Each structure stands twice: as structure tokens, then as C-alpha cells.
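Please open the model in a viewer and follow the stops below in order. Each stop names a selection and then describes what is found there.

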There are 2 protein chains.
Amino acid sequence: MSDAKRPVAIRAADAPARVKPSNYPEPFASRMKGREKRPLGDLFGLTNFGVNLTRLVPGGVSALRHAHTKQDEFVYILEGRPTLHTDEGKVLLAPGMCAGFKAGTGNGHCLINETAEDVVYLEIGDRTRGDVGTYPDDDLAAEFVEDQWRFAHKDGSRY
Amino acid sequence: MSDAKRPVAIRAADAPARVKPSNYPEPFASRMKGREKRPLGDLFGLTNFGVNLTRLVPGGVSALRHAHTKQDEFVYILEGRPTLHTDEGKVLLAPGMCAGFKAGTGNGHCLINETAEDVVYLEIGDRTRGDVGTYPDDDLAAEFVEDQWRFAHKDGSRY
């Protein structure tokens, strides 16, 4: 998008939803059907980090439980009560709560909407090169190469 | 803070407020008295970007109007109606609205609370090295050196 067409400000809920539900290979991509992401930072031409407005319907999950080696992540809950799953167990979040996931700890995280109401949150992640994603609960490994995620089985074989 | 003492999640409003109101030299620091920042990302050990929960009382300003050469910025309004000032003029924001400020455009921005109610927003900025801050309306220049801002007059002389 050229600079001239970028907005000065927008209502986040009016941002276009990402069409592709997930970059994961199957069978993991289908698990993300309860998730809708509206990229916000990209609309303003930001490249150093991404900001999404993400909605999880009941049963929806933010991602496979994962950790990053180089990219920090942060979430701020706007609506609803997602459950944060980490190595420490489960924590029920609520609007106004936030959590940060420091790169390199190896502690996998994800949000799961275990309620009957939608969950809406902001998620922020930087785009540091050379990142690797690890998935403690699934047979998946990911590398961030040329600004895209490349996925493989844990033994290195391709999906 | 050691990893062991980091929280899993917090209520953002419970995060400690930054004690120092501003890094600016005078007379600019005093202009920031209506602003209170609660660093959130730092509490979780994040280093690639910062996230603050920031409150502006009536008359408060987010910062001097400024632009970055390398660091992207993003704001999401949680409460109140701040006015966004850029080269394009003024835009009144409201809860649920957001704006991004791409590095390198030279288009200075700030939020001013021109209402009688408090404003609360999330602000995100990365920490790319070698950044320079420019201030179209004030006699100030800034360089981000060793993770700290160093300020000077526009002619290079020190404050």
C-alpha cells in the first residue's frame, strides 16, 4: 500500500479480516477455524512488529501452544475470558489483563476460549529474523525465513 | 527481574507507574506532567518492543510531536477521546480506534487530551538501534544510543 493511501487512524474492528485462517499445515490449520485475525499494524505500513485484533469464538484457540526463540509476544484482553495455557498450567484472563511471552524461554503459550462468549484481544509480536517456533504438544517445528513461516515435522521431514 | 519472579499475567492497571514523568530535558519534561505511563512489556522481560498503558489527564499530552527514523509506533485507545496531531492536522480518536506511525516518514505525531475526561491507551514501540527522533514544533533533537534517549538542541548544542 502506498503511503498516500494509508489511513491516519481507524476503528480497529473495521480493519479487514485476514482471509487465510492459518499458515499451519494440516491437520493444524483446521484447528484454527475459531480464530479471526484483523491485522492492524500492516495497515499503517509498520514492519518492525505486527499488531492484530483477534477474535476467538467459543472453543477457538489463538495458536498451537508454542514458544519463540527470538521474537517477543504480548497480548492484551479487550473482551471475554480466555484461558492462558503455559508450562505453569492454566490462568483465566479477563478484559484489562495482559501477558507477555519473552523470546528464548522455551515456555509454550496459547489462549483457548473455554467459555460460551467470544474473546477479543490485541496481539503484538516483533519480526526479528532467524526466529524458530517450538511446539511442545504437537509434531511441528517452524522457522521464520524471508518473513514467512516454514513448517516441518519435528524430525525435519516436510508436511 | 529474574525469570522466576516474572508474572504469568497481570491486570494492566495494577502495573506500577513509571516514577520519572519524562526523559525530556526542561522545559519539555514539565509539559508531560499530565501523562502517566505503566510499562507492561518490561514486567514480562520483553526487550524487542515496549508496551505501556498510558493515561492522559485533561490537558495531558502523549509526547512532544515527533517522528522516528527507525522505530515503528502504534497506539490503541481504551478510554476517552484524545486528539491525534500529525502533519495532516487533527483527528479526534475514540475507544476502539488505533493508529500506527511508520518509521522514516518524518510525519510528526502526538496525542493531546483536549477533553474534560481522562484518556487511556496502549502504546507500542520497538527498540531498533540507531533511531533518531525529530521534533517539528520544538527545538529538540534525540538519538537512541545504548538503549537510552540523548537529547540536544537542533544546532547540536547540549541542554
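Copies are superposed here by least squares on the C-alpha atoms of residues with pLDDT of at least 70 in both. The model is a predicted one.

Begin by selecting chain A and chain B. A rotation of 180° with 0.0 Å of shift along its axis places chain A on chain B, with an RMSD of 0.0 Å. This is the relation of a two-fold axis. Of the interface residues of chain A, 100% are also interface residues in chain B, so the copies meet through the same surface.

Next, select the open sheet of six strands, which runs β1(A)-β8(B)-β5(B)-β10(B)-β3(B)-β2(B) with antiparallel pairing. At its edges stand β1 (10-11) of chain A and β2 (35-39) of chain B; each has a single partner strand, so one side of each is left without a neighbour in the sheet. Within this sheet, β2(B) pairs with β3 (residues 49-56) of chain B over five bridges in the antiparallel sense. To view one bridge, select B:Glu36 and its partner in β3(B), B:Arg55.

Proceed to the largest pocket, which holds about 1200 Å³ of space. Its lining comprises 44 residues, and the closest to its centre are A:Gln71, A:Asp126, A:Arg127, A:Phe144 and A:Trp149. β10(A) contributes the most to this lining, with five residues. By class, the lining has 14 nonpolar, 18 polar and twelve charged residues.

Finally, turn to the second largest pocket, with a volume of about 980 Å³. Among its 37 lining residues, the closest to the centre are B:Arg18, B:Asn23, B:Lys37, B:Asn52 and B:Trp149. β10(B) supplies the largest share of this lining, five residues.

Conventions
Residues numbered from 1 in each chain as written. Chains lettered and ligands numbered in written order. Predicted model: local features only at pLDDT ≥ 70, side-chain atom pairs only at ≥ 80, totals over all residues. Heavy atoms only, no water. Contact = heavy atoms within 4.5 Å. Pairing = 2+ DSSP bridges. Helix = DSSP H or I, 4+ residues; strand = E, 2+ residues; numbered from the N terminus. 1 Å grid on protein atoms, 1.4 Å probe; cavity = no way out; pocket = protein on both sides within 12 Å on 5 of 7 lines; lining within 4 Å. Points joined across faces, edges and corners; volume = space filled by probe spheres on them. Nonpolar A, V, L, I, M, F, W, Y, C, P; charged D, E, K, R; others polar.
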